[in-house]
Amino acid sequence: MKKSNNIQSISSEMLSKIFSYVDDKDLCNNIPLVCERWKRISSHSLLCRDVSFEGKLISSRDICFMLHNAPLLKSVNLVAVDDVVPVLREICRCNNKVEKLTMKKCSSQGNLVPEDVLINVLLSLKSLHSLELKETKFTSHRFFEIFALQSNITSIDVSLNEFVTLSDLRMVAHNSRILEFKMSHRYKRPTISDQEMAHLIKTMQQHITLLHMDMSGMGNYTYNEIFCCSNLTDLKMNNAINLSLELLYKMSKSLRKIQHLKIEGPSTITKGDLQKGLFANSTFACQLNTLKLEYYSCFNNEECCKVLEACTNLKKLSLKGCSTVTIEGICNALVKLTGLTYLNLAFLHVSTFNTHNIFNLPGLSIFIIDDTSYKLNNLSALPETINLKIIQLTRESKKFY
């Protein structure tokens, strides 16, 4: 009997086994497009997995089909899904065990997402503890009121939604169960004063563990309340333009549990202040696992080396946009951070550097650099045997947030 070489002759069991080695992105967005049989089999491979769908790669109809066949999903990530309403309804019907739901840049055929659909999500997903609505725009009359009553939700992201009002944020803040809060007011409204934001933070002060904020327009009131959040382990401050030496001292003394810190664009901090105010405290420096000091124009090689020498337990480091720092100038301090797994040195002052020293860091798996430095140091000629993912950022990627 002649054996068939047709791929369709592969058994369903074998295809399922093959699909189990495929990464989530391809499994969700590419495999289902091959044929109906592959779509059906791949959906059964999702039973115990976190999934992510990109609207530009897969239709809402196909997303619904795959969700229908994956009742045990714990996490669903929707990115730029233009017709998100049927997808959310399918999740409510068939995926009630979902614990984390992310909707980024989603819409209802280009329009605002209907509030009643989002309310249905809150009421149907009893296991939900994390809800991210970044750049997913909707207007609220009752959503935040109902949200505040959901005892299961401990994390919310309402970033970049121009329709979120100050009263909405107050409703979020008064939900004392919120442990993780992400928000940005980089849009025309609502206009939130420094005192009003400080009051919001104060309301959550004793419970919050993660805070990601755009600090544009915020001053001493807000900074002081943030640094009184004694349980914070993860703090990200974008556009930290009003940060001062006095506030740095307070941060280092007050945030006793901090492990992940990002400070971006601290334009009012002068040369030497960051090291003197924040990292002279060895206890504070040693507890950090992640440090992102980005677009700090006064940062130089000498101060940077002192900071890195103090932060002995770093696993992730980003110095993106620190334009007066050179890789060669801080190389000796970098090689001592043997626990590093992630390193972002994009858009520093352009220079050559000894690639051998940095790439020999034992745990380093991701290295990010700008295209100019990539070409200058001829990183394309590195041997393929190096177990390191190198990511190039172009000038178009150089965005200041």
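A salt bridge here is a side-chain nitrogen of Lys or Arg within 4 Å of a carboxyl oxygen of Asp or Glu, and by that criterion the side chains of E294 and K262 meet in one, at 3.7 Å from N to O. The model is a predicted one, in which local features need pLDDT of at least 70 and side-chain atom pairs count only at pLDDT 80 or more, while totals for chains, interfaces and linings use all residues. Residues are numbered from 1 along each chain as its sequence is written, and side-chain values use heavy atoms, with hydrogens and water left out.

**Salt bridges**

- A search of the whole structure finds six salt bridges; side chains of opposite charge can pair when their charged atoms come close.
- E294 lies in strand 10 (residues 290-294) and K262 in strand 9 (residues 260-264), so their pairing ties together parts that are 32 residues apart in sequence; strands are DSSP runs of E of at least two residues and helices runs of H or I of at least four, numbered from the N terminus.
- K262 also meets the side chain of E264 in a salt bridge at 3.9 Å, N to O, and salt bridges that share partners join K262, E264 and E294 into one network.
- K262 counts as buried at 13% relative accessibility, and E264 is buried with a relative accessible area of 2%, where buried means under 20%, exposed over 50% and partly exposed in between (1.4 Å probe, protein chains only).
- A salt bridge of 3.8 Å, N to O, joins the side chains of E132 and K100, linking strand 4 (residues 130-132) with strand 3 (residues 100-104) across 32 residues of sequence.
- Within that pair, E132 is buried at 14% relative accessible area, whereas K100 is partly exposed at 33%.

**Packing of helices 8 and 9**

- The axes of helix 8 (residues 166-173) and helix 9 (residues 194-204) come within 9 Å and cross at roughly 20°, the axes being lines fitted to C-alpha atoms over the stretch in contact, with angles running from 0 to 180 degrees between N-to-C directions.
- The contact, meaning heavy atoms within 4.5 Å, is made by L166, L169, R170 and A173 of helix 8 together with E196, L200, T203 and M204 of helix 9.

**An exposed position**

- N332 is placed in helix 15 (residues 327-334) and is exposed, with a relative accessible area of 60%.
- N332 and C305 are 27 residues apart in sequence and 8.2 Å apart in space, C-alpha to C-alpha.
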